[in-house]
Amino acid sequence: MTLIPVEKPEDFLLAQQFIIPHEETCVSLASLVRRKSDKLVFISDPSTPLREHSSILGILNLDSTIYHCIPDPSQLDANFLKTELPYLMKKPVRCISGESSGTDFLIEVCNSLRCGFDTASPTQPPVTVYPYKMLRWLSTSKVVSVRSSDYSTTLSGGEEIIRCTEHDMEALHQLQKDYMKEEVYVPGRPITDAEVDISLRQILKNQLCFALTVDVEIVTKANTNAIGINCVQIGGVYTHPLYRRNGYAGALVQALCNRALRSGKQPVLFVKEKNTPAFSLYQKLGFAECGRYTIAYY
């Protein structure tokens, strides 16, 4: 087994071809391949010709968050990765995100990994691990009609769906902070206002974000997390507690699905395994389970 940086145009084409059959469970990684990240590496079988599709066993994004596509972890040598990954890692691992079997495998690898400037001490076990159900959208039904611009639509009660821009940062701040506390909180690591603003800026600059207003006040938000090759991953869905059970979150998710489908991409998302209300909502919208996803935070 060997690790090969993804560098040349033909490498990125090969990476796309490898990921596409598995993209529903690695849209964030597919997005990095599409944008030609300089932190991608192939896990390759040296017994077959270098850089041929049949030689690729997996792809990793080696950053503080490790995204991965590892279709069959049993083909990989954990001891090899424990030895070789430190030479390519420049930052300590803060998160591993991807399909469950691959994440479980990489947790084992990273539990003894020394990397980057922090070579004196190994990575500790994850502080928390969140299991999710991975869902794909199968329905062609429409719950809310969104005008062709997708910038706004009016619902039956006078509410309005808007497309958010950086001008909406302040109005979105508290909803985003509450979402992060509920969905991505890591014990012992408080979520700061600065961290919330950084997250929001990245979303509003690089993703599609919709919000629903009631009397001009934003009460619900949803956005894309990653735009891949053939898939769009939806996330960041959050409604203020006083405005729940009104169908607002469903309307925003449906609007994002409509937009994704018009651009020729498949909508996918993941939901915490214990979040039964959200899972039921997504089923009603036409989503069906297609796998398991795990995020480990360090």
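## A first look at this protein's fold

Residues 24 or more positions apart account for 70% of the contacts (heavy atoms within 4.5 Å) in the protein with a separation of 6 or more. The model is predicted, so local features need pLDDT of at least 70 and side-chain atom pairs count only at pLDDT 80 or more, while totals for chains, interfaces and linings use all residues. Residues are numbered from 1 along each chain as its sequence is written, and side-chain values use heavy atoms, leaving out hydrogens and water.

**Overall make-up**
- You can look for 8 helices and 13 strands; these are DSSP runs, numbered from the N terminus, with at least four residues (H or I) for a helix and at least two (E) for a strand.
- Of the 298 residues, 52% count as buried, meaning under 20% relative accessible area with a 1.4 Å probe, protein chains only.

- S3 (residues 56–61) and S4 (residues 65–69) pair in the antiparallel sense over 3 bridges; two strands pair if DSSP finds at least two bridges between them.
- A hairpin is formed by S3 and S4, with 3 residues between them.
- Across this pairing, Ile 59 stands opposite Cys 69 in S4.
- S4 also pairs with S5 (residues 95–99), in the parallel sense over 3 bridges.
- Here Ile 66 stands opposite Ile 96 in S5.
- In a regular strand, side chains alternate between the two faces of the sheet.

Methods:
Buried means under 20% relative accessible area, exposed over 50%, partly exposed in between (1.4 Å probe, protein chains only).
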